[in-house]
Amino acid sequence: MVEDDLILGESLKEYLEENNVEVVWVWDDRKLNEALIMSEYDVIILDLMLKYEKGENILKDLRIKGVRTPILIMTAKNKIEDKELCFNAGADDYIVKPFNPRELLLRIKALNKRAHISDKIKIKDVEIDLDKHTITKNGEEIKISKTAWNLLTLLIKRRGEIVSTESILNYVWSDKAVGDEVVRQYIKELRKILPPDTIETYKGVGYKLK
């Protein structure tokens, strides 16, 4: 949630967490990129009138960068022209302040369902069950390390996108001091079980699951 109104942000965070929605609240919009690198999100709630940058510009920039996470605009701007601009720039929903927090919760849940990936992913002869944490190939279960599983999960969530090495390091290893060579090691582990050429390497940038 990107919202610089401290009172509103605090109250919404409290309400959503009471309703089992985990919230990362960014009140300084300059720190949004850092938050996006540190974790994966189901929905982004974005205010338009922020302190340092226009929400409209942030929205466009996210879509240009290939961020496909559903984006819900939350703003006092209520003109149809404002809504048209945001939807054309890639917004998925739009709610006008003031609003009932319950409506925000319903919209978040709807966006999350729409974006939810299947629990079972099939890549040629390999089937991955995200719910059961299992991988089977030609009917036989394959065991991989927990670290490799976390990396695979990230690549599946971002399937079709180039996932930067920095994002991988932050997501899989969090605050542990490891380097690019460790990522390459676990990519190699995944390539042993996945069909050939499933993971593409973009030198100096990252990896993409086809």
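Predicted model: local features only at pLDDT ≥ 70, side-chain atom pairs only at ≥ 80, totals over all residues.
## Helix α6 against helix α7

From α6 come Thr147, Asn150, Leu151, Thr153, Leu154 and Lys157. From α7 come Ser167, Ile168, Tyr171, Val172 and Trp173. By class, this contact holds six nonpolar residues, four polar ones and one charged one.

The geometry can be stated briefly. Helix α6 spans residues 146-157 and helix α7 spans residues 165-173. Their axes come within 10 Å and cross at roughly 130°. That angle makes α6 oblique to α7. The crossing of α6 past α7 is right-handed.

## How helix α7 is enclosed

Is α7 largely enclosed by the rest of the structure, or exposed? Seven of its nine residues are buried, so α7 is largely enclosed by the rest of the structure. The buried set is Thr165, Ser167, Ile168, Leu169, Asn170, Val172 and Trp173. Ser167, Ile168, Val172 and Trp173 also take part in the contact with α6.

Which elements do the buried residues of α7 pack against? They pack against helices α2 (32-38), α6 and α8 (180-193). They also pack against strands β8 (163-164) and β10 (206-209). Just after α7, Ser174 takes a positive phi of about 50°.

Asn170 gives a residue-level view of α7. Asn170 lies in this helix. Its relative accessibility is 17%, so Asn170 counts as buried, the cut-off being under 20%. Setting aside neighbours within four places in sequence, Asn170 is in contact with Ile37 and Met38. The range of α2, 32-38, takes in both of these partners.

## Helix α2 and Leu32

Leu32 is also found in α2. At 7% relative accessibility, Leu32 counts as buried. Its contacts, not counting residues up to four places away in sequence, are Val2, Val26 and Ile58. Val2 is 30 residues from Leu32 along the chain, yet their C-alpha atoms are separated by 7.5 Å.

## The sheet of β8, β10 and β9

The order is β8-β10-β9, with antiparallel pairing. Strands β8 and β9 (199-202) stand at the edges, each with a single partner strand, so one side of each is left without a neighbour in the sheet.

Four bridges join β9 to β10. Within this pair, Glu200 has Lys208 in β10 as its bridge partner. Helix α8 lies across β9 and β10 and runs at about 155° to β9.

Strand β4 covers residues 120-123, and strand β5 covers residues 126-129. The two run antiparallel and are joined by four bridges. Ile123 has Val126 in β5 as its bridge partner.

Which side chains of β4 are buried? The side chains alternate along the strand: Ile121 and Ile123 point to one face and are buried. Two residues lie between the strands of the hairpin. Lys124 in this hairpin takes a positive phi near 55°.

## Met49 in its loop

Met49 lies in the loop between β1 (44-46) and α3 (55-64). At 45% relative accessibility, Met49 counts as partly exposed. Leaving aside neighbours within four places in sequence, it is in contact with Asp4, Thr75, Ala76 and Lys77. Val126, the bridge partner of Ile123, is 77 residues from Met49 along the chain. The C-alpha atoms of Met49 and Val126 are separated by 46 Å.

| Residue | Relative accessibility | Class |
|---|---|---|
| Asn170 | 17% | buried |
| Leu32 | 7% | buried |
| Met49 | 45% | partly exposed |

## The chain as a whole

How many helices and strands are in the protein chain? There are eight helices and 10 strands. The C-alpha atoms fill a box of roughly 55 × 35 × 30 Å, taken along the principal axes. Of the 210 residues, 41% count as buried. Among contacts with a separation of 6 or more, residues 24 or more positions apart account for 52%.

Definitions and conventions:
Residues numbered from 1 in each chain as written. Heavy atoms only, no water. Axes fitted to C-alpha atoms, helices over the stretch in contact; angles between N-to-C directions. Parallel < 35°, antiparallel > 145°, perpendicular 65-115°, else oblique. Left-handed = near helix turned anticlockwise from the far one by under 90°. Contact = heavy atoms within 4.5 Å. Nonpolar A, V, L, I, M, F, W, Y, C, P; charged D, E, K, R; others polar. Buried < 20%, exposed > 50% of the residue type's maximum accessible area, 1.4 Å probe, protein only. Pairing = 2+ DSSP bridges.
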